[in-house]
Amino acid sequence: MDSETFREAMAHLAAPLTVVTTRDATGRRWGFTASAVTSVSMDPPLVLVGLGNDSSCREALSSSPEFVVNVLGEHHTEVAGRFARRGVDRFAEGGFTTWPESGLPYLTDATAVFRCTAVDRIPMGDHQLLIGELTGLRTHGEAKPLLWYRRGFRAAGPTPAGGAR
């Protein structure tokens, strides 16, 4: 099977959107929009993040001892788009603060925020699988989740009359 056929088929799999953030050794903030994030274990609590080998954040996340997974709600469409673009200051628009004692950037109004210590990095195809153990958790209200579906941002919820969005 060729990669384009696989990519087209995977576009039918809705995935929750997150912004994964960290700081490098110089204190520079890094982050990217990720749809490949899932829980791995409840005891200990572990999460997995798929990180593309061509990501501008790969070096920072490959060497940083910690990272944050910010779960996005439907009101974060602009944030998701900004953190998916190259060549922009992804943190310029604000909305982020630092986690006390770590300096890790996190989105203050994210639905959920997971602070993680990196416990493993596994090369896999054209990605690196970053495994993190949960060391902190914050939640903020309720919102419909922001999803990546058919190569676009979508809010979860009832389909409007007349078919799919």
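Visitor: F83 and F91, are they buried or exposed?
Guide: Both F83 and F91 are buried. Buried stands for under 20% relative accessible area, exposed for over 50%, and partly exposed for what lies in between, with a 1.4 Å probe and protein chains only.

Visitor: What kind of model is this, and how are residues numbered?
Guide: This is a predicted model, in which local features need pLDDT of at least 70 and side-chain atom pairs count only at pLDDT 80 or more, while totals for chains, interfaces and linings use all residues. Residues are numbered from 1 along each chain as its sequence is written, and side-chain values use heavy atoms, leaving out hydrogens and water.

Visitor: Back to the rings. How do F83 and F91 pair?
Guide: Their pair is edge-to-face, with 5.1 Å centre to centre and 90° between the planes. Rings of Phe, Tyr and Trp (its six-membered ring) pair if their centres lie within 6.5 Å; planes under 30 degrees apart count as stacked, over 60 as edge-to-face, and the rest as tilted.

Visitor: Which cluster do they belong to, and how many aromatic pairs are there?
Guide: Ring pairs link F83 and F91 with F96 into a cluster. The structure holds five aromatic pairs.

Visitor: New topic: how many disulfides?
Guide: There are zero disulfides, a disulfide being a pair of cysteine sulfur atoms within 2.5 Å. C57 is in none, and its nearest cysteine sulfur, that of C116, is 16 Å away.

Visitor: Is C57 buried or exposed, and what of C116?
Guide: C57 counts as buried because its relative accessible area is 0%. C116 is buried too, with a relative accessible area of 0%.

Visitor: What is the strand order in the open sheet?
Guide: The order of its three strands is β1-β11-β12, with antiparallel pairing. The edge strands, each pairing on one side only, are β1 (15-16) and β12 (152-155). Strands are DSSP runs of E, at least two residues, and helices are runs of H or I, at least four, numbered from the N terminus; two strands pair if DSSP finds at least two bridges between them.

Visitor: How many bridges join β11 to β12, and which residue stands opposite W148?
Guide: Four bridges join β11 (residues 146-149) to β12. W148 stands opposite F153 in β12.

Visitor: And where does F6 lie?
Guide: F6 lies in helix α1 (residues 3-10). F6 counts as partly exposed because its relative accessibility is 47%.
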